[in-house]
Amino acid sequence: MMRNSLSKFGQGIKLPGLSFLLAFTLTGLIIAISDAKVLAKISSPFEFIKSAGAAVGNAYLALFQGSVFDVNLTKGHSFLQGFYPLSETIVTATPLILTGLSVALAFKSGLFNIGAQGQFIFGAIGASYVGFHFQLPIGIHILAAAFAGALCAAIWGGIVGLLKAKTGAHEVILTIMMNYIASYFILWILKTKQFLRPGRIDPIAPEVNENARLPLLAGDNFRINIGIFIALGAALFVWWLLTKTTVGFKFRAVGANSQAARTAGISVPFVITSTMMICGALAGLGGAVHVLGSEHALNADIAGSFGFDAITVALLGRAQPLGTVFAALLFGALHAGGRTMQSSTGVPLDIVLVTQALIVLFIAAPTFVRYIFRLKKLNSSASLTSKGWNG
Amino acid sequence: MKKSLKLMAVVASLTLITGVAVAPASQAAKIKLCLALDTGGVDDRSFNQGAWAGAQASTVSNAEYLPASSSADFAPNIKKFVDKGCELIVGVGFAISAEIVKSAKANPKIKYAVVDDAGQDCDANWNCSAVPNVKGLTFQTDEAAFMAGYLSAGMSKTGKVATYGGAPYPTVTIFMDGFARGVAYYNKQKGKSVKVLGWDPANPKAGTFVGNFSDQNKALTISKGFEQQGADIILPVGGNLGAPYAAASEKSKKSLTIWVDSDGYGLLTAGKSILLTTVVKEIGASIKSVAADVAAKKYSGKSYVGTLANKGVSLAPYHDLNSKVPAKLKSEILKIKNDIIAGTLKVN
């Protein structure tokens, strides 16, 4: 039994693992040939390979130093200070885990949730408003703010579910359009008296009260906060929901074949609406954690690209809760590490976007990966990427 | 003579013995200058790019930068520079100011500067106090924009000019204020009634804004809307936002454009022929001068304000359209410039 699940895990990780390897190899090539110092040595092959290797090695070393552990930071400080980059990785990954779960859960029900961005925005708005507007006791304030964020986003996501269930409108179109509405809505609401920070005319809300901020886990020098546990708890919840409950079974049944599910007596409109509501709540919780945990104030580009990166994260994580957590941590590490890479080796931060894109490209093309590595069979859930479109 | 030779020999041998070279002051070690950019990228043909160009041009420093993909990157980028041992950290842009101030208070030994903001420490009730190791670099861009407004009013054939911004930041609306007041001044002087679309200093709520600094399509739509309403000179205030419009207008010949921040003539790939002028804000020069101050140990937290008088702001040459601008108008604008510098003409 144990062995069986292990080999299943091994199969499951093969495609993402190999894609990851390929993407890093290609990125290495790009780093090498875009370095003027390396190119200057092209006349002598040995020197060229040596300097190319050094350039790529330094870049990846910096990537590691910027995302996990940097020995330079321990100088004159405690050893633990060297793990500051790891804290940054986790802080960046936390909202991504939640938005990633939102997209992953939708995948499981056969829905393509492109709307995590908009849901994230509504989560951030709800959490921010409760965070700065009310004075509540410690503990309760965080709960209230996070709940408000999740609720706002659940309603926002639920609208899509309801529209699809009642009218048959396509969720991809709906969520894309709802993203636009959300990103202009936040611009507008930040101009209103309720949200505008006193003394400012640019779109930024007041900071949330101390009581509403997520407690830090490792002292003031680190930004890591309990948000990561909220995200991990959410991942556990999604796993439990999908595998241990009747509702989850219905979700998966509709995802596998909605016609058959309907014939079996499952209410498809109910599944679609409730899935989208839960997806909204998850992405909204991401927005809430981002505002309450690290940013503390709502501004117009609070959502960054968390909602869009979530699609990639969910794909990389094969729409599995655990896989999504690891994929989000990887993306968090790439983002945090890219900063050090640019700062100490001059390789532009944007190269990590290339890596991210390549990973997804390979995951979406399993046949290609199979061909490169001469594999006979790759337990692929590539259908994941296309199935969502059929709803 | 002999005595001084002897002295020199002693100094030289001492140097040899101790192995320490006596370096002249001008060759002192370069300072580490670190730029935390705003969103939009280092090649935004606007303030990020201008700031980075200025930092690179500084001969007394080794410069580096970090871009921000969203505001969530501001704090970690600054922290990265602190850990790296940067001696001067410059926050580029109004939006990053609060994070710069936070970091400056935690690291009193590091010198900071922030572009487009006074860099003060403000509490929730907007009570502000100066921070000794933060230098604000601000610009009276309305002085140069005033000249641009007067110029536009004089050049317009339809009697309508327009301006719009990326987002209603004070650093954006100050351009629009100056522009609109320049037009109003022209009307008063000449008894004309040239209209400004998109901005009225008396009613800022009704101003036209894209909503961000990246949606070039929306900027193009706004520009075309103004053209349809009859505007034949348009000033978009928002970095690279106006680029597609400049390219489109070069083909349609419906309107002339005015660029902001860095002289658009060197930056635009298409639209040079309809570029009337640029309201220049010398961000790069201001950063260069702070770096020089730090290197010479003359740094102070006192704010720098760029004006026409200290050449921190200016109106760029007319380039391709030089022959189209009447000589009389040119001399009037020169007079306005001198009056503003002399303080006899108030722009606000």
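## Helix H5 of chain B

H5(B) is mostly covered, with 15 of its 15 residues buried. Buried means that 20 or more other C-beta atoms lie within 10 Å of the residue's own, with C-beta atoms placed from the backbone; exposed means 12 or fewer, and partly exposed falls in between. Helices (H or I, at least four residues) and strands (E, at least two) are DSSP runs, numbered from the N terminus. The helix covers residues 141-155, and at 1.5 Å a residue its 15 residues should span 21 Å. The end C-alpha atoms are 21 Å apart, which agrees. The expected span is 1.5 Å times one less than the number of residues.

This is a predicted model: local features need pLDDT of at least 70, side-chain atom pairs count only at pLDDT 80 or more, and totals for chains, interfaces and linings use all residues. Residues are numbered from 1 along each chain as its sequence is written, while chains are lettered from A and ligands numbered from 1 in the order in which they are written.

## Chain B overall

Chain B has 10 helices and 14 strands. Its C-alpha atoms fill a box of roughly 80 × 55 × 40 Å along the principal axes. Of its 348 residues, 53% are buried.

An automatic or database assignment sets the domain bounds. Domain 1 of chain B is 29-139; domain 2 is 142-280 + 318-342. Their C-alpha centres lie 29 Å apart. Across the boundary, 9 residues of domain 1 are in contact with 10 residues of domain 2. Contact means C-beta atoms, placed from the backbone, within 7 Å.

## The six-strand sheet

In chain B, 6 strands form an open sheet with mixed pairing, ordered E9-E8-E10-E11-E12-E14. Strands pair if DSSP finds at least two bridges between them. E9 (195-197) and E14 (313-315) of chain B stand at the edges with a single partner strand each, so one side of each has no neighbour in the sheet. The twist averages 20 degrees from one strand to the next.

E8(B), residues 160-165, pairs with E9(B) in the parallel sense over 3 bridges. B:Ala162 has B:Leu197 as its bridge partner in E9(B). Helix H7 (216-228) of chain B lies across E8, E9 and E10, at about 155 degrees to E10(B). Axes are lines fitted to C-alpha atoms, for helices over the stretch in contact; angles run from 0 to 180 degrees between N-to-C directions.

## Contact between the chains

The contact takes 20 residues from chain A and 23 residues from chain B. On the chain A side, H7 (171-189) and H13 (321-345) of chain A are the elements giving two or more residues. H13(A) gives the most, with 4 residues.

Notes: Contact = placed C-beta atoms within 7 Å.
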